[in-house]
Amino acid sequence: NHYIFGIESILSRYLNVELEGYYKTANNISTINEKKYSYQDPDLIGADQESYGVELAASYKDSPLQFDLAYSLSWTFKEVNNLKYHPRYDARHILNLGLSYNFGSGWSASAVWKYSSGLPFTQIVGYYDKLYFSDLKERIYNFIPYTILAGRNLERLPDYHRLDISISKVFSLYFMKFYLDISLINVYDRNNIFYFERETGERVNMLPFLPTATLKVEI
């Protein structure tokens, strides 16, 4: 079940604004049975999901300049085995700002800033040495650290944000068309967390500052 209500307003020849609210429920979604303890237990069980929120989009176009704004405020819940929690993709605030400029003669440039509030994750509260037997007959065994976890997705990762800038050029040569693009990803080298390694608790980050260049040819 998905209910949507929205309005759109053309405030001027340059500015367009859209506002939308939604409420969505889904029942009996197939999900992995994390409490499968014997071969008789099912691999998949049903789960219920609920989400709602508002989304705002605005666009300002005055050639050769264009500015875009997109913001969403949302809540998402998932319920499995009578446990209700926020799934890992539940971001409370998401904001995207985009600016582009067409210089003419095939040249254009753009900048995009992305922001997202922290995603849910399950904390590591400790470890203990768990006994494993590799050969019971020969009494070969060892102790391996086993992760102890807190409640499901009760905490949030740090906020995520980054700035990307690109410059592109389109030109033709004989019967071929060339697309040249130079991009700078994560311009201010923000240390955005990806996840915590469960075995060690080590923090793993996403892409650092990364320049790229691509060339596409059409014949």
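With which residue does K36 form a salt bridge? The partner of K36 is D43, with the closest N and O atoms 3.2 Å apart; a salt bridge here is a side-chain nitrogen of Lys or Arg within 4 Å of a carboxyl oxygen of Asp or Glu.

A word on the basis of this talk. The model is predicted, so local features need pLDDT of at least 70 and side-chain atom pairs count only at pLDDT 80 or more, while totals for chains, interfaces and linings use all residues. Residues are numbered from 1 along each chain as its sequence is written, and side-chain values use heavy atoms, leaving out hydrogens and water.

The structure holds six salt bridges. Among them, D90 pairs with R92 at 3.2 Å, N to O, and also with R156, where the closest N and O atoms are 2.7 Å apart. D90 is buried, at 0% relative accessibility, whereas R156 is partly exposed at 31%; buried means under 20% relative accessible area, exposed over 50%, and partly exposed in between, with a 1.4 Å probe and protein chains only.

I turn to the largest pocket. On a 1 Å grid over the protein atoms alone, a pocket is an open set of points where a 1.4 Å probe fits, with protein on both sides within 12 Å along at least five of seven lines; lining residues have an atom within 4 Å of a point. The volume of the largest pocket is about 1200 Å³, counted as the space filled by probe spheres set on the points. Of its 38 lining residues, R88, T122, R152, N153 and R198 are the closest to the centre.
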